[in-house]
Amino acid sequence: HIMTFNLAGVPDWLAARNYVTPILKRIAHVMPALEKECEVNAISLPDIMCFQEMFDEAASKKLVEDLRQKGYMSFITDVGTSSRYLNSGLFLASKYPLSDVVFYPHPIKQGIEQYADKGLLIVTVHANDKCVIVGNTHLNGGAEGGGYLPRAAQLKAIDAHMDRYIH
């Protein structure tokens, strides 16, 4: 099974502005919290984990180390360019091999979202005898007025990218 979760791993300068504890201080609590949640719901850890807002390289490395200890073997981190100050913030971990990794930046961004190279990450997961196509994305937050317009454009682009990837 697949899990997706926004880690709110914004850079320290933005975390301080938003009164959020820096991600490097919080990352040590991610795996214990996930394990507890799985235990409460009587499920195992997911085979594939998709995270958003994992911008911090040190926190990303720590999460990879923690996930490796739990049997995850394939990782995609730090996708997108950092020409806008931040990469995409997308992070994918899998217990299975991955192939055909593609990243498409979103065509339009608005407000503070312009500082991150948000987009769509698509991979093929080779789970036993099956191939599963997984997409991980983070849409425009829309904090400023009219946020629905960039999200609508992003969703339209995602639909086209997925269609092109599959066919």
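In what order do the 4 strands of the open sheet with mixed pairing stand? The order is S1-S2-S4-S3. This is a predicted model. A second open sheet is formed by 3 strands in the order S5-S6-S7. The structure also holds 3 salt bridges, and a nonpolar patch on the surface is formed by Tyr-85, Ile-112 and Tyr-115.

**The sheet of 4 strands**

- Strands of a sheet pair through backbone hydrogen bonds, and the pairing can be parallel or antiparallel.
- In the sheet with the order S1-S2-S4-S3, the pairing is mixed.
- Strand S1 (2-9) and strand S3 (74-76) are at the edges and have a single partner strand each, so one side of each has no neighbour in the sheet.
- On average, neighbouring strands of this sheet are turned by 15 degrees against each other, with direction ignored.
- S3 and strand S4 (residues 91-94) run antiparallel and are joined by 3 bridges.
- Ser-74 has Ser-94 in S4 as its bridge partner.
- Helix H4 (residues 57-68) packs on this sheet and touches S1, strand S2 (48-54), S3 and S4.
- The direction of H4 makes about 165 degrees with that of S2.

**The sheet of 3 strands**

- The pairing in the sheet S5-S6-S7 is antiparallel.
- S5 and S7 are the edge strands, and each of them pairs on one side only.
- Neighbouring strands of this sheet are turned by 15 degrees against each other on average, direction ignored.
- Strand S6 (residues 119-127) and strand S7 (residues 130-137) are paired over 8 bridges.
- One of the bridge partners in S7 is Gly-135, which pairs with Ile-122.
- Another pair joins Ala-127 to Lys-130 in S7.
- S6 and S7 form a hairpin with 2 residues between them.
- In the turn of this hairpin, Asn-128 has a positive phi of about 60 degrees.
- H5 packs on the sheet and touches S5, S6 and S7, and its direction makes about 30 degrees with that of S6.

- His-161 is found in helix H5 (residues 148-166).
- Is His-161 buried or exposed? Its relative accessibility is 13%, so His-161 counts as buried, the cut-off being under 20%.
- Apart from neighbours within four places in sequence, His-161 is in contact with Tyr-104, Leu-120 and Ile-122.
- Asp-100 lies in strand S5 (residues 98-105).
- Asp-100 has a relative accessible area of 53%, so this residue is exposed, the cut-off being over 50%.
- Not counting residues up to four places away in sequence, Asp-100 touches Ile-122, Val-123, Thr-124 and Tyr-165.
- From C-alpha to C-alpha, Asp-100 and Thr-124 are 5.9 Å apart in space, while they are 24 residues apart in sequence.

**Salt bridges**

- Side chains of opposite charge can pair when their charged atoms come close.
- Glu-35 forms a salt bridge with Lys-70, and their closest N and O atoms are 2.7 Å apart.
- Why does this pair tie together parts that are 35 residues apart in sequence? Glu-35 lies in helix H3 (residues 30-40), whereas Lys-70 lies in the loop between H4 and S3.
- Glu-35 counts as partly exposed at 29% relative accessibility, and Lys-70 is partly exposed with a relative accessible area of 35%.
- Lys-61 forms a salt bridge with Glu-57, with 3.3 Å between the closest N and O atoms.
- Because Lys-61 and Glu-57 are 4 residues apart in helix H4, they are separated by about one helical turn.
- Glu-57 is exposed, with a relative accessible area of 55%.
- Asp-66 forms a salt bridge with Lys-62, where the closest N and O atoms are 2.8 Å apart.
- Asp-66 and Lys-62 both lie in helix H4, 4 residues apart, which is about one turn of the helix.
- Asp-66 counts as buried at 10% relative accessibility, whereas Lys-62 counts as partly exposed at 29%.

**The nonpolar patch**

- Tyr-85, Ile-112 and Tyr-115 together have about 340 Å² of accessible area in this surface patch.
- Where is Tyr-85 found? Tyr-85 is in the loop between S3 and S4.
- Tyr-85 is exposed, and its relative accessible area is 65%.

Terms used. Residues are numbered from 1 along each chain as its sequence is written. This is a predicted model: local features need pLDDT of at least 70, side-chain atom pairs count only at pLDDT 80 or more; totals for chains, interfaces and linings use all residues. Side-chain values use heavy atoms; hydrogens and water are left out. Two strands pair if DSSP finds at least two bridges between them. Axes are lines fitted to C-alpha atoms, for helices over the stretch in contact, and angles run from 0 to 180 degrees between N-to-C directions. Contact means heavy atoms within 4.5 Å. Patches are made of residues with over 30% relative accessible area and no salt bridge: like charges are joined within 9 Å, nonpolar side chains (Val, Leu, Ile, Met, Phe, Trp, Tyr) within 5 Å. Accessible areas come from the Shrake-Rupley method with a 1.4 Å probe; for residues, only the protein chains shown count as cover. A salt bridge is a side-chain nitrogen of Lys or Arg within 4 Å of a carboxyl oxygen of Asp or Glu. Buried means under 20% relative accessible area, exposed over 50%, partly exposed in between (1.4 Å probe, protein chains only).
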